[in-house]
Amino acid sequence: MIAEKVLFLVLDGISDRPCEGLDGQTPLAAAETPVLDRLAAEGICGIMDTIAPGIRPGSDTSHLALLGYPPQDYYTGRGPLEAEGTGIHMTAGMIGFRCNFATMDEDGLVTDRRAGRISGTNPLSAAIREGVDLSALGIGFRFESGAGHRAALALIGEDLGDAVSSNDPKGEGISPPPIRACSDDPADARTAQACNEFIRQSAEILAAHPLNEKRLQEGLPPANFLLLRGAGKMGAFPPFQERYGLSGSVISAATLISGIGKVVGLEHIPVPGTTGSVDSDLDAKVRAMLEELRRKDFVLANIKGADEAGHDGDAIQKRDFIEVIDAALEPLLTLSEDTILVICADHSTPCPVRDHSADPVPVVIRGLGVRVDRTARFDEVSCAEGGLHRIRGRDVMPIVLDLINKSHKYGA
Ligand code: ZN
Ligand code: ZN
């Protein structure tokens, strides 16, 4: 018997370094994780450099590597991936940006980079789509609201470059700089010009919008200015299904991750109640994974939250949230062996660093055909003794394809 399906579960930023508040243990080692430990005992374990030893991965570059799309060949910045995750269908050549709705005062200073953490900005985005006109420049655009104060922009046209600066002042009480080309290439100058025109026109529309007048009456900061960043040119991604012969879905509340899944052709399955944060409905997410495996050959799922705690430098909160994740994963214990289950992190987010680090992450593969090793604990040190030893992120798909008999023989 050979396994047929794959559940690829990424526990975002779950791995760490020894933490002072935990007697020199990592949050994962300090946590009680009976479910992850049992899966480790039933599988083959190892550690993994998601990109390469010593490289600090972003969540975007590491997920691309894990899916077998090496970021050095495919990564063109966060903007196009966020735009795709926000609901803009990106095609090759479009220039994508991440945007914030922000508040600007009468003196032209940005007073709140998130416009009071506004939500429900769809009417504002609709007014921008309706009113902004870049046709004089020969450029079209797409603009969509994301969660909270977030949004995404894509520019469409010939001869557009992506080497442009941001207008985010990065602080409050500062006047936003204009967007500038970062090279002598006329294509970059054209993009910068289009951005500045888009920002100018959208600010006029936002200032006059009834939703903002209402916010002012209520004493709330109006969302009257857009900050653009993360410019990138959308590339061409060979479709996952053609590449691997597998149908697939992505389950993630983070638009960056769902965007990556979508650009390679995975179907995004939204799960109500999931937030990409520590208050997410993880039971619903795990149910959705198992449900989706009935329809598809491959499911990529991402659980965030532990990453956040790492960025906050809060080792206790991280340990506690890992225990919440572990409890939510209990249904995976009864996952049929003919589904290959991969569990790993996309990078370490050590509390002492408060950012991502290059420390390798633990990984377990469980299912039919796996040579079960003697590791019975899912943590950074125990997994290092497992049978996978030390692999790279780009090795996961080939290993999994071999286990499900979708590999081709190299040679005679
Ligand atoms: Zn991540
Ligand atoms: Zn992170």
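Begin by selecting V400, which sits in helix α15 (residues 396–403). Helices here are DSSP runs of H or I with at least four residues, strands are runs of E with at least two, and both are numbered from the N terminus. This is a predicted model, in which local features need pLDDT of at least 70 and side-chain atom pairs count only at pLDDT 80 or more, while totals for chains, interfaces and linings use all residues. Residues are numbered from 1 along each chain as its sequence is written, chains are lettered from A and ligands numbered from 1 in the order in which they are written, and side-chain values use heavy atoms, with hydrogens and water left out.

V400 has 0% relative accessibility and counts as buried. Buried means under 20% relative accessible area, exposed means over 50%, and partly exposed lies in between, with a 1.4 Å probe and protein chains only.

**The largest pocket**

Next, select R78, R150, A254, T255 and K304. Of the 39 residues that line the largest pocket, these lie nearest its centre. The space in this pocket comes to about 1000 Å³. On a 1 Å grid over the protein atoms alone, a pocket is an open set of points with protein on both sides within 12 Å along at least five of seven lines; a cavity is a set of points where a 1.4 Å probe fits but cannot get out; lining residues have an atom within 4 Å of a point. Grid points are joined across faces, edges and corners, and a volume is the space filled by probe spheres set on the points.

Colour the elements that give two or more residues to the lining of the largest pocket: α3 (59–66), α5 (78–86), β3 (95–104), β6 (150–156), α10 (255–263) and α12 (306–311). Which of them gives the most? It is α5, with four residues. By type, the lining has twelve nonpolar, 17 polar and ten charged residues. Ala, Val, Leu, Ile, Met, Phe, Trp, Tyr, Cys and Pro count as nonpolar, Asp, Glu, Lys and Arg as charged, and the others, Gly among them, as polar.

Domain 1 (5–74 + 237–403) and domain 2 (83–233) each supply at least three of its residues; the domain bounds come from an automatic or database domain assignment.

**The largest cavity**

Move to D49, T50, P57, A358 and D359. Among the 14 residues that line the largest cavity, these lie nearest its centre. The cavity holds about 40 Å³ of space, and the structure has one cavity of 30 Å³ or more. Its lining divides into eight nonpolar, three polar and three charged residues.

Select residues 315–328, helix α13. At 1.5 Å a residue, its 14 residues should span 20 Å, and the end C-alpha atoms are 20 Å apart, which agrees. The expected span is 1.5 Å times one less than the number of residues. Within α13, the residues A315, K318, F321, I322, I325, D326 and A328 are buried. They cover an arc of only 155 degrees around the axis, so they lie on the same side of α13. The arc is that of the directions from the helix axis to the C-beta atoms.

From K318, go to S15. The two are 303 residues apart in sequence and 9.8 Å apart in space, C-alpha to C-alpha. S15 is in the loop between β1 (5–11) and α1 (27–30) and is buried, at 0% relative accessibility.

Now select α6 (122–131). Its buried residues are L124, S125, A127 and I128. They cover an arc of only 160 degrees around the axis, which puts them on the same side of α6. On the other side of α6, N122 and E130 are exposed.

**Loop stops**

In the loop between β4 (110–112) and α6, select R117. Its phi is near 45 degrees, a positive value in a residue other than glycine, and R117 is exposed, with a relative accessible area of 57%.

D159 is in the loop between β6 and α7 (186–207). The phi of D159 is near 55 degrees, also positive in a residue other than glycine, and D159 is exposed at 59%.

Finish at T111 in strand β4, which is partly exposed at 37% relative accessibility.
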